[in-house]
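Please look over the structure below, and keep it at hand while you read the points that follow.

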Amino acid sequence: MTADALPKFKPYTRQTIRQAPQWELLTPEQQEAVQVISHVLPFRTNQYVLEQLIDWDNIPDDPIYRLVFPHRDMLPAHEYWQLRDLVLVKQDDAAAQQLVRQIRLRMNPHPAGQMTHNVPRVNDAPLRGLQHKYKETVLFFPSAGQTCHAYCTFCFRWPQFVGMDDMKFDARETTQLVEYLKTHKDVTDVLITGGDPMIMNTRSMEEIITPLLGPGLEHIQNIRVGTKSVSYWPQRYVSDRDADDLLRLFERVVASGKNMAIMGHYSHAVELRQEVAQQAVKRIVGTGATLRMQGPLIRHINEDPASWAELWRTGVRLGAIPYYMFVERDTGPREYFQLPLARAHEVFQQAYQMVSGLARTVRGPSMSAFPGKVVIDGVAQVGGEKVFALQFLQARNADWVRKPFYAKYDPTATWFDQLRPAFGRDKFFFEEGGQGPGHVPGAATVPVLPRRVIPLVA
Ligand SMILES: *Cc1c(COP(=O)(O)O)cnc(C)c1O
Ligand code: SF4
């Protein structure tokens, strides 16, 4: 193939989506919803998603259409009509901006808090772009990786995206990361996340990863990258101009004795039905890197257990490892997307029952809550009481991990903070005593405030 014939990444946003041939396939009402709601939820898609992943005979119910295209029901009717009026009828920019701010605040009351908690400090100065919640893993958010190949409508990370499209690579961030890691020998894993770090070119990725292979960082065993590029732009690993260089980089990490772990965000089986997506998996694992599959369970998008089962089965066949199914709550339009925990457990269990042991490495449904990652193990009847059986897979306090505990069964609860202890107790075990939510020793020195924690869904 000549270079000209290679598919080139072409994003579409609110400003340009009209130029996509598929735009004509939306009804006027659907087009209007995109124009209106994308003021609140940043909209971005690309040619591959439009051409290969969305089945246009199936809109608006097509899962990938629902995943990337704003839908009218994502806002309460009164907000939708108010915003529509300002944007399309009055064309009052200032008033529209003010309403957008209000709606965003309502959807995400602590957007600023996201990066102020678990933020490591050196000499009392916060290290921008780092987060350290669990002892062994440090999260790194390079500023050049804060956008994605397409945006998921449920994603709550939009405060990061707005106005950040062209953040430049900043080498100082890597220097700070390395300094921090050199003095934290408990850390074994660095998770490079975003947005989507794979939006960066290979040269920028090299500038982040190569220093992690250097002296003084022998304790860093796993370099992880959280990404949805495996689904939204698998060409990143197959035909992009620097795709081969990226694979060489993975090989260098592996040759250095460390694990190169790609944490791939997959939402639906259709994302792995494409030839190029399958090639991407094979090329990634062909370097000796590992590819884990994870993603949130979202109403309207992936409620079908058969889709999860197909995804995990295909992934395993190609050499990937099913990892987490998350419960999503930190969504902007969460009323639109959320599912009761009881239902989430059902979906997980049914999907799990359909796959062989090789795919049962997956865990879920898991909530990234304030005290840690809580998984719903099941619904049980204990001493005449119907309960959820729960446990921590990750916790602020490592002692809490893998201790079964129980909450009253509640068919409508959608998040951990709505659950109450079972058996007439008034506290969960981890709320008792003086060992309440603590810090990673020597890491976060900022006050611990209850807040939403960023789930790791790149
Ligand atoms: C999930 C998560 C991690 C990594 O957890 P693993 O179970 O090791 O994948 C690290 N930090 C935060 C804040 C997380 O939510
Ligand atoms: S879930 Fe990941 S890929 Fe989707 S918009 Fe959010 S950061 Fe980007």
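Helices and strands are here DSSP runs, at least four residues long for a helix (H or I) and at least two for a strand (E), and they are numbered from the N terminus. With these names in place, R402 can be located in the loop between β14 (385-395) and β15. The model is a predicted one, and the points below are grouped by topic.

**Packing of two helices**
- Helix α1 (residues 28-37) packs with helix α4 (residues 77-89) at an angle of about 85 degrees, and their axes are 9 Å apart.
- Because angles of 65 to 115 degrees count as roughly perpendicular, α1 and α4 are described as roughly perpendicular to each other.
- On the side of α1 the contact is made by E32, A33, V36 and I37, while α4 contributes Y80, L83, R84 and L88.

**Cis peptide bonds**
- I59 and P60 are joined by a cis peptide bond with an omega of about 5 degrees, and P60 lies in the loop between α2 (47-53) and α3 (63-68).
- G194 and G195 are also joined by a cis peptide bond, with an omega of about 20 degrees, and G195 lies in the loop between β7 (189-192) and α8 (202-209).

**Positive phi angles**
- R402, although not a glycine, has a positive phi of about 65 degrees, and this residue is exposed, with a relative accessible area of 54%.
- F423, in the segment after β15, is another residue other than glycine with a positive phi, near 60 degrees.

**A nonpolar surface patch**
- V382, Y406 and F423 make a nonpolar surface patch of about 230 Å².
- Y406, in strand β15 (residues 405-408), is partly exposed at a relative accessible area of 32%, and F423 counts as partly exposed at 38%.

Key
Residues numbered from 1 in each chain as written. Chains lettered and ligands numbered in written order. Predicted model: local features only at pLDDT ≥ 70, side-chain atom pairs only at ≥ 80, totals over all residues. Heavy atoms only, no water. Patch = residues over 30% accessible without salt bridge, like charges linked within 9 Å, V, L, I, M, F, W, Y side chains within 5 Å. Areas by Shrake-Rupley, 256 points an atom, 1.4 Å probe, with all protein chains shown as cover. Salt bridge = Lys/Arg side-chain N within 4 Å of Asp/Glu carboxyl O. Buried < 20%, exposed > 50% of the residue type's maximum accessible area, 1.4 Å probe, protein only. Axes fitted to C-alpha atoms, helices over the stretch in contact; angles between N-to-C directions. Parallel < 35°, antiparallel > 145°, perpendicular 65-115°, else oblique. Contact = heavy atoms within 4.5 Å.
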